[in-house]
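This briefing goes through selected features of a multi-chain protein model. It is meant to be read with the sequence and coordinates open.

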Amino acid sequence: MLSEKTAVTQSENYWRKHLMLDPRPVREMNQMILTAMTTVNKRYWITVTTLTLFVTIGLIGAWGYQIFNGMGVAGIRRPVYWGVYITNFVFWIGISHSGTFVSAILRVFKAEFRRPITRASELMTTFALTVAGLYPLIHLGRTWRFYWMIPYPNQRQLWPNFHSPLMWDMLAIFTYLIGSTLYLYLPLIPDFAMARDRTTGWRHRIYRILALGWRGSESEWHHLKQAITIFAFAIIPVMFSVHTIVAWDFGMTMVPGWHSSIFGPYFVVGAIFSGVSAVATVLIILRKTMQLDYFLREEHFDAIGKLVLVFSFAWTYFFFADYLTEWYGGEAVGKELLTLQARGPIAPLWYIMLITNILVPWLTLWNRKIRTSPKALLVITLGVNIGMYIERYIIVAGFLTRNRLPFDWGAYTPSIVEILISIGSLSTFLLLYVLASRLIPLIPVWEVHEGQISHTLRRVGQALLPSVSELE
Amino acid sequence: MNTLSVKENFVVRMALFDNVDSAAESIAKLKEAGIDDHDMTVLSGVPYPEHVLGRPMTWERLPLIAMSGAGVGFLIGLFLNVVTPLLYPIRVGGQPFVAIPPTIVLTYELTMMGLIVSTFLGVLWESTFPSFGPKYYDIHISEGEIGVLFQVTPSKLKHLTDLLQVYGAKSIIEPEEWRL
Amino acid sequence: MSKYEHHWTMIVDLDKCTGCQACVIACQAENNIPVVGEDEIRKGRGMQWLRIERYWEGEYPNIRARFIPLMCQQCENAPCEPVCPVFATYHSEVDGINVQVYNRCIGTRYCANNCPYIARMFNWFDPQFPEPLNEQLNPDVTVRQRGIMEKCTFCIQRIRRARETAEAEGRSIRDGEVQPACGQACPTNAIIFGDLNDPNSQVSRLAANRRGFRLLEELGTEPAVIYLKGGESNVI
């Protein structure tokens with residue numbers, strides 16, 4: 001009798017490791033979130049100040065300097081007409097795939113570990129897209145004429161050219177930005193209402209407006225749930241299309257190394273690879289700095305670690321397919337591109353990419369201990385994003401140095417202006433995130449609570465096993 | 001049932017429950033005692049589907065709104081791709097003025113934009129957002145409790161209060177109208 | 001006959017080209033192309049619409065240099081055109097050439113990337129014409145602002161002038177009446193310009209030459225520039 005009881009208690013303790021099986025009163029969870037949101041220390045303000053400084057130098061100083069003097073202050077030159085700016089653009093669009101993947105796809109497939117991490121990754125999507133959206137503007141020769149790309153009846157009677165992949169790109173990114181922002185906002189409404197009920201002063205005024213008068217009545221919930229479902233299904237194809245179209249900016253051209261039909265899926269997989277890695281990076285930092293240990297647990301890092309490994313496999317597959325086709329094709333300029341990577345000036349970067357994107361994840365992430373160690377995972381996922389940045393840099397700035405006329409080959413090194421603007425944009429992303437972390441409930445309490453209600457431990461024979469009832 | 005329109009000579013009460021089972025049972029009992037579905041509203045901190053609480057299904061217009069939005073987006077996409085190139089024809093790269101492949105890409109994108117935007121506007125419309133009250137509400141709702149809001153004639157009140165307490169209501173309060 | 005009113009075509013006889021660069025200078029002067037200075041040239045930011053590409057053949061001491069003057073090829077299926085989001089570059093239905101509209105350009109540089117001939121130049125800075133260069137600016141040609149693309153136009157200002165003269169005199173443009181600056185300056189007459197629609201023009205006769213080829217023909221861009229293969233004489 002006694003031993004049986006102990007076995008049950010032991011298995012119960014075992015299951016307590018999982019957030020869904022370790023429920024706490026909503027009151028307590030609310031409090032944890034509010035405390036995390038309202039606690040700011042000196043380090044926080046130092047971070048905010050430093051980031052603001054970088055944003056000012058990069059986006060106002062360096063970009064302003066570039067606008068007033070001309071694109072020549074950047075390092076780009078014939079034939080490398082696109083450089084770090086477009087690399088950054090593709091990189092940030094890639095990061096923006098985090099939220100949609102983690103949130104929408106995992107929601108559609110009802111992966112329960114998603115519940116506490118959806119908000120943090122959706123925020124990344126919106127902010128990464130905001131930063132990515134800056135780059136087409138930064139990169140324009142005449143930034144002050146950017147609105148000529150917007151389709152509206154104008155006095156020139158000229159509409160934009162919808163044959164241009166850049167037009168597809170602009171509309172796709174616009175759709176994705178609207179979609180992901182609304183998709184971030186909808187599940188936030190109940191959490192804003194929660195915060196509204198428990199704050200005073202300026203916070204209360206903001207949350208009150210953002211909560212739109214939410215009470216949690218049946219029809220409110222019904223419409224919200226339905227809208228979230230529609231959004232989840234609608235935003236997945238939009239996500240695929242966005243990075244596919246970014247890839248088509250390259251794939252539609254005649255540039256050697258770019259003109260490839262595999263670029264669409266190759267870029268999508270790369271984007272999810274870097275996006276999911278970035279989610280891990282951010283969650284580790286959030287947990288450490290905002291005391292979210294109750295919500296963000298080993299199981300979450302474990303699951304994300306597995307995703308990173310799977311996408312490392314998928315990325316390698318596409319990378320190799322692209323490489324092999326070029327290798328076998330035998331076109332002179334294609335061969336030259338491979339030489340450029342293996343032995344040319346960008347070879348060191350290329351090898352770093354192979355190490356961080358393939359070797360390291362493959363050697364480490366199969367191990368549960370490494371996956372669940374925040375420090376190890378932080379290093380690995382940061383490495384993946386460095387590798388993915390290099391991948392885009394090689395494709396954009398590397399491949400453009402070679403072309404079919406050897407007389408016109410060139411070289412490219414980023415200028416100080418380009419570097420400052422890049423740092424400025426990274427700081428913009430971080431600053432937006434750091435500010436939002438104290439303004440927006442970073443964990444969707446109601447979703448966690450909903451999950452905890454639907455999970456119970458059921459006794460099967462000698463063991464307690466988790467069972468999930470679907471509240472839908 | 002988003003709002004409870006209070007009838008003349010009726011009093012409004014809110015029964016708060018800790019768990020969904022007693023809330024569902026109490027709702028059944030209230031119905032048995034002759035309270036109409038329209039005289040009840042459930043407020044909760046997490047979404048419970050209607051059938052869990054034994055409530056009537058909400059009539060659904062959101063998918064319709066979403067689909068109409070998608071249709072509008074599709075038409076805008078067609079306009080941009082099929083009509084605007086003919087308003088000011090410019091030949092590029094030996095391609096026809098109106099070409100089907102780029103049209104597919106852009107009408108797809110604009111259809112999705114129409115779908116997404118209209119779904120969002122649909123939620124606001126269907127839930128009559130934003131509306132800041134005053135409405136019956138209680139702060140315990142966002143602490144995970146389930147509030148059953150009902151109206152009844154004063155004569156029946158005593159009987160119902162006792163009934164609800166038997167079926168596990170944590171408290172039965174006279175709800176305040178909040179400016180949300 | 002092509003579908004265009006004129007089909008302006010350039011023949012470059014590589015057998016006659018000595019690589020003297022007179023065409024490059026003539027082009028620069030005619031089209032108000034800014035002089036960017038040594039540093040920028042070294043960075044690869046020279047703006048020549050026409051350049052002489054030089055390739056070495058063999059190993060020292062049996063080494064030979066080959067020259068090929070390269071300018072915008074005015075492709076029939078120009079890859080630069082469809083990628084521009086604002087129609088800043090398009091195909092002229094009158095002249096059959098590729099046109100760049102400076103005032104529409106917003107500077108995405110997408111066209112420049114997609115040009116397999118690397119023929120497009122970008123205004124990295126506002127153009128400078130230090131004294132006395134400003135005295136020789138061509139009034140028929142716009143000076144371009146920073147941030148926009150430009151490229152060889154087949155001296156469209158000369159084509160326009162010839163058409164206006166011909167129209168005023170009530171005749172069609174005569175063969176040889178339009179000559180771009182490069183062709184005019186070439187001491188060996190290596191660059192011949194004319195209308196391919198006129199079967200009796202010099203370019204029509206030369207285009208049939210069996211030495212004729214088009215650059216990177218396999219890409220299917222159908223350039224309007226026809227090169228005549230060079231033999232031993234195109235060698236130093």
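The model is predicted. In chain C, four strands form an open sheet with mixed pairing.

**The four-strand sheet of chain C**

- The strand order is β8-β1-β10-β9 (chain C).
- The edges of this sheet are β8 (191-195) and β9 (212-213) of chain C; each has a single partner strand, so one side of each is left without a neighbour in the sheet.
- Strand β1 (residues 8-13) of chain C runs antiparallel to β8(C), and five bridges join the two.
- Two of the residue pairings between these strands can be named: C:I11 has C:I192 of β8(C) as its bridge partner, and C:V12 stands opposite C:I191 of β8(C).
- β1(C) is also joined to strand β10 (residues 225-228) of chain C, here in the parallel sense and by four bridges.
- C:V12 takes part in this pairing too, with C:Y227 as its bridge partner in β10(C).

**Burial of strand β1(C)**

- Six of the six residues of β1(C) are buried, and the strand is mostly covered.
- On one side of β1(C) point C:W8, C:M10 and C:V12, and on the other C:T9, C:I11 and C:D13; all are buried.

- β2(C) pairs with strand β3 (residues 64-70) of chain C over seven bridges, in the antiparallel sense.
- Within this pairing, C:I52 is placed opposite C:P69 of β3(C).
- Six residues lie between the two strands of the hairpin, where C:G58 takes a positive phi near 80°.

**The contact between chain C and chain A**

- Chain C gives 46 residues to the contact and chain A gives 47 residues.
- C:I106, C:Y110 and C:N113 supply 18% of the area that chain C buries against chain A, more than any other three residues.
- There is one salt bridge between chain C and chain A; the side chains of A:D408 and C:R51 form a salt bridge at 2.9 Å, N to O.
- Polar contacts between the two chains amount to 27 residue pairs (both at pLDDT 80 or more).
- On the side of chain C that touches chain A, the elements giving two or more residues are β2 (51-57), α3 (110-114) and β6 (121-122) of chain C.
- β2(C) gives the largest share of that side, with five residues.
- By class, the side of chain C that touches chain A consists of 26 nonpolar, 10 polar and 10 charged residues.

**Two residues of chain A**

- A:R196 belongs to helix α8 (residues 188-197) of chain A.
- The relative accessible area of A:R196 is 2%, so A:R196 is buried.
- A:Q462 is in the loop between β1 (455-460) and β2 (463-468) of chain A.
- A:Q462 counts as exposed because its relative accessibility is 51%, over the 50% cut-off.
- From A:Q462 to A:H139 the separation is 323 residues in sequence and 65 Å in space, C-alpha to C-alpha.

Methods:
Residues numbered from 1 in each chain as written. Chains lettered and ligands numbered in written order. Predicted model: local features only at pLDDT ≥ 70, side-chain atom pairs only at ≥ 80, totals over all residues. Heavy atoms only, no water. Pairing = 2+ DSSP bridges. Contact = heavy atoms within 4.5 Å. Buried area = accessible area lost by both parts, 1.4 Å probe. Salt bridge = Lys/Arg side-chain N within 4 Å of Asp/Glu carboxyl O. Polar contact = N/O pair within 3.5 Å; in protein donor to acceptor, adjacent residues only side chain to side chain. Nonpolar A, V, L, I, M, F, W, Y, C, P; charged D, E, K, R; others polar. Buried < 20%, exposed > 50% of the residue type's maximum accessible area, 1.4 Å probe, protein only.
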